[in-house]
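Here's a quick briefing for anyone meeting this structure for the first time. Have a look at the model, then read on for its pockets and a helix pairing.

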Amino acid sequence: MSRFAVLAIRFLMIVIGFCAAVFAASAFFVVLTAGSAGIELGEPEEMDRIGLVVATGLGALFIGYYSFLPAMIVVVVGEIFGNRDWLFYAVGGACVAVAGVTIFWSSGGQSENQTSMFALAATAGVCGGVAYWLVAGRGAGSWHLPRKLENSTSNQSAES
């Protein structure tokens, strides 16, 4: 496969992984906030389910908007160094979420209880980071793997 195709497929996996992370973090955040608001999620009625789906979608839009730049920093670091560990992406997701909340507050949004908002965001970020790792993080750095293989085979042939 050509180098361009490998990079294009890797980029597509990163985009899909980011979307999965955003939706996972949003769904986790909506379920946590619904539970803290006193809404029981045991067997929701149809209107409750529609509300949860709409809230997850709208939450994903906001989470994706405010966490894009911090998330790309984590993705680039993970890709360059080839980090394939789930813990790196879980901690990175928590850091991205806290950075996203900070960016949100600096743009004018406020919260009554900042400590609980940071805790909610961090736990949702961990969920999003693990979702990214499941989709794209396990193959981090695979785009420069052929170069390593080519160098190792050329070194072996030179030694012979």
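The largest pocket has a volume of about 740 Å³. Keep in mind that this is a predicted model. The second largest pocket holds about 230 Å³ of space.

**The largest pocket**
- Its lining counts 34 residues, and A25, F62, I63, S67 and A97 sit closest to the pocket's centre.
- The largest share comes from α2, with 10 residues.
- Sorted by class, the lining has 24 nonpolar residues, 10 polar ones and no charged ones.

**The second largest pocket**
- You'll find L7, R10, F11, I14, V15, F18, F68, M72, V75, V76, E79 and W143 around this one.
- Both α1 and α2 supply at least two residues of this lining, and the largest share, six residues, belongs to α1.

**Where α3 meets α4**
- Helix α3 (residues 86-106) and helix α4 (residues 114-135) have axes that come within 6 Å and cross at roughly 140°, which makes α3 oblique to α4.
- The crossing of α3 past α4 is right-handed.
- On the α3 side, the contact residues include W86, Y89, A90, G93 and W105, while those on the α4 side include Q114, M117, F118, Y132 and W133.
- This contact has 16 nonpolar residues, five polar ones and no charged ones.

Definitions and conventions:
Residues numbered from 1 in each chain as written. Predicted model: local features only at pLDDT ≥ 70, side-chain atom pairs only at ≥ 80, totals over all residues. Heavy atoms only, no water. Axes fitted to C-alpha atoms, helices over the stretch in contact; angles between N-to-C directions. Helix = DSSP H or I, 4+ residues; strand = E, 2+ residues; numbered from the N terminus. Parallel < 35°, antiparallel > 145°, perpendicular 65-115°, else oblique. Left-handed = near helix turned anticlockwise from the far one by under 90°. Contact = heavy atoms within 4.5 Å. Nonpolar A, V, L, I, M, F, W, Y, C, P; charged D, E, K, R; others polar. 1 Å grid on protein atoms, 1.4 Å probe; cavity = no way out; pocket = protein on both sides within 12 Å on 5 of 7 lines; lining within 4 Å. Points joined across faces, edges and corners; volume = space filled by probe spheres on them.
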